[in-house]
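Have a look at the screen and then we'll walk through it together.

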Amino acid sequence: MSETTVTADLWCIHLQGPDDLIAAPSKERAEERAAALNVAFDQDRDSVPEDRRHFYPHLNAAAVPWQNTAERHEIDLEENWDEWWPTCQACGRVLDSDRVCRVGGVENHSDDPEMSEDED
Ligand SMILES: [Zn+2]
């Protein structure tokens with residue numbers, strides 16, 4: 001494989017404004033998280049007094065195809081995705097900012113019969 005090959009099925013989130021890229025595990029996850037980020041960005045912006053909003057950077061997130069090597073994508077994914085969106089070790093759900101999974105009303109459950117899938 002050449003180093004500049006763009007792998008068709010690798011996706012990331014482009015943060016327009018800071019111009020950051022966050023490698024994503026799939027197109028669906030990239031779209032889902034980008035949408036959630038935009039909701040959060042809008043809420044942040046709305047919390048700034050109106051006369052100061054023009055100082056507030058315009059942030060927008062968009063799911064875009066990854067433009068680098070597959071190797072780079074894998075590294076970035078490992079380094080960043082879990083930082084932004086930690087997932088429950090037991091059920092794989094994205095955790096809230098407090099990093100506590102409450103599936104079935106149990107905090108940080110180690111196993112959940114309803115969600116059990118043969119995955120690591
Ligand atoms: Zn869980």
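So, in what order do the three strands of the open sheet come, and is the pairing parallel or antiparallel? The order is S2-S1-S3, and the pairing is antiparallel. Strand S2 (20-24) and strand S3 (60-65) are the edge strands with a single partner strand each, so one side of each has no neighbour in the sheet. On average, neighbouring strands here are turned by 30° against each other, ignoring direction.

Before I go on: this is a predicted model, where local features need pLDDT of at least 70, side-chain atom pairs count only at pLDDT 80 or more, and totals for chains, interfaces and linings use all residues. Numbering starts from 1 along each chain as its sequence is written.

Quick terms: strands (E, at least two residues) and helices (H or I, at least four) are DSSP runs numbered from the N terminus, and strands pair if DSSP finds at least two bridges between them.

Back to the sheet. Strand S1, residues 11-16, pairs with S3 over six bridges, antiparallel, and in that pairing Ile13 sits opposite Ala63 of S3.

Now Arg93, in the segment after helix H2 (70-84). Why does Arg93 count as partly exposed? Because it has 15 C-beta neighbours inside 10 Å; buried takes 20 or more other C-beta atoms within 10 Å, exposed 12 or fewer, partly exposed is in between, and C-beta atoms are placed from the backbone. Val103 is ten residues from Arg93 in sequence, and their C-alphas are 8.7 Å apart.

Definitions and conventions
Axes are lines fitted to C-alpha atoms, for helices over the stretch in contact, and angles run from 0 to 180 degrees between N-to-C directions.
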